[in-house]
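Please take a first look at the fold described here. The report goes from a loop to the sheets and then to the core.

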Amino acid sequence: MSNFVTRTGGCGPVRLATLVLLLVPAGSHPVLGDEYLSGMAWEEPAVVRPGRDGGPPSDAVVLFDGKDLSAWENASRWRVQDGAMICGKGNIRTKQSFGDCQLHIEWSAPLPVTRQGQGRGNSGVFLMGIYEIQVLDSYDNQTYFDGQAGAIYKQTPPQVNAMRPPGEWNVFDILWTAPRFQEDGSLKSPAFITALHNGVVILNHFQLQGDTPFVRPPRYAPHAERLPIMLQHHGSPVRFRNIWVRPIQPAAGQRVRPPFLRNARGEERPVP
Ligand code: MG
């Protein structure tokens, strides 16, 4: 193009564009060619107002906003203090059930630091009440790697250790794909998890082998499409705050015709 401009003594962009139009086949886009169309009729994506500073988007279900434990069951022995909920006796479960979802949860390992390994700042986020992503004080605290913070317990360590020191706030942002089961109870598709710890990827579409117990290998057992989220009591006063979840689903649409190409005159042809 620069050679052309030089030979013609600096023609303007409009005249240059006209020449390009003359050189390409009639009906094609002068630069891109024919347009590809998918043949899908997509529904308009819903408008969601994003939150600020990790706050809930407009369509989120808020599970804890710093005030009370009303979204949780079995929480009478947990307490709220200074905008955080503090782990007490007993596991707690959300009153609502969730399947595929985006979960945001902030947590802080306790001070003063006491004990070692699995005894230091242990809790856990159990997706569907079954599948644990570990909560632990993994700041300068050795334990088995598939049991440290961000691990899928006994299945995989986190890719990296992005832990903040005890007393500071950690953030888990989790994308959860629930497992599916056939009518006969066999596994149709496994669960997948992607997770960020303080903005750092620690699990990338990890395929779960099943549940996450201490005493036996993981396995799948059929369950409902949606189940409560559980937070674990493991004897440590772990704090949580700013917890919200969004049920998620793929963009909605349906195929109305096969994919095709369309030129500038509106003439259509199948994709070769
Ligand atoms: Mg745990």
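## A loop residue to start

Asp 53 sits in the loop between strand E2 (40-42) and strand E3 (61-64). Strands here are DSSP runs of E with at least two residues, helices are runs of H or I with at least four residues, and both are numbered from the N terminus. This is a predicted model, in which local features need pLDDT of at least 70, side-chain atom pairs count only at pLDDT 80 or more, and totals for chains, interfaces and linings use all residues. Residues are numbered from 1 along each chain as its sequence is written.

Phi of Asp 53 is near 55 degrees, a positive value in a residue other than glycine. Is Asp 53 buried or exposed? Asp 53 is exposed, because 5 other C-beta atoms lie within 10 Å. The cut-offs are these: a residue is buried with 20 or more other C-beta atoms within 10 Å of its own, exposed with 12 or fewer, and partly exposed in between, with C-beta atoms placed from the backbone.

## The loop between E8 and E9

Arg 115 also has a positive phi, near 65 degrees, and is not a glycine. Arg 115 lies in the loop between E8 and E9. With 13 C-beta neighbours inside 10 Å, Arg 115 counts as partly exposed. Pro 112 is found in the loop between strand E8 (101-108) and E9. A cis peptide bond joins Leu 111 to Pro 112, with omega about -5 degrees.

## The chain as a whole

The chain holds 2 helices and 20 strands. It has 272 residues, and 28% of them count as buried. Take the contacts in the chain with a separation of 6 or more: residues 24 or more positions apart account for 61% of them. A contact means that the C-beta atoms of two residues, placed from the backbone, lie within 7 Å.

Two strands pair if DSSP finds at least two bridges between them. Within this sheet, strand E9 (residues 123-127) and strand E16 (residues 230-231) pair over 2 bridges. Phe 126 has Met 230 in E16 as its bridge partner.

Another open sheet has 3 strands in the order E1-E19-E20, again with antiparallel pairing. Its edge strands are strand E1 (35-37) and strand E20 (268-270), and each pairs on one side only. The twist averages 30 degrees from one strand to the next. For such angles, axes are lines fitted to C-alpha atoms (for helices over the stretch in contact), and angles run from 0 to 180 degrees between N-to-C directions. Strand E19 (residues 260-262) is joined to E20 by 3 bridges. Phe 260 has Pro 270 in E20 as its bridge partner.

## Strand E17 and its partners

Strand E17 (residues 239-247) pairs with E3 in the antiparallel sense. Strand E6 (residues 84-86) pairs with E17 in the antiparallel sense too, as does E8. The table gives the bridges and one opposite pair for each.

| Strand paired with E17 | Bridges | Residue and its opposite in E17 |
|---|---|---|
| E6 | 2 bridges | Met 85 and Phe 240 |
| E8 | 7 bridges | His 104 and Trp 244 |

In a regular strand the side chains alternate between the two faces of the sheet.

## The core

Which residues touch the most other members of the largest nonpolar core? Of its 47 residues, they are Val 125, Ile 193, Ile 229 and Phe 240. A nonpolar core is a set of buried Ala, Val, Leu, Ile, Met, Phe, Trp, Tyr and Cys residues joined through C-beta atoms within 7 Å. Leaving aside neighbours within four places in sequence, Val 125 is in contact with Ile 105, Glu 132, Ile 133, Val 135, Phe 172, Ile 229 and Leu 231.

## Leu 187

Leu 187 lies in strand E13 (residues 187-189). It counts as partly exposed, because it has 15 C-beta neighbours inside 10 Å. Not counting residues up to four places away in sequence, Leu 187 touches Pro 179, Phe 181 and Tyr 220. Leu 187 and Gly 210 are 23 residues apart in sequence, and 9.9 Å apart in space from C-alpha to C-alpha.
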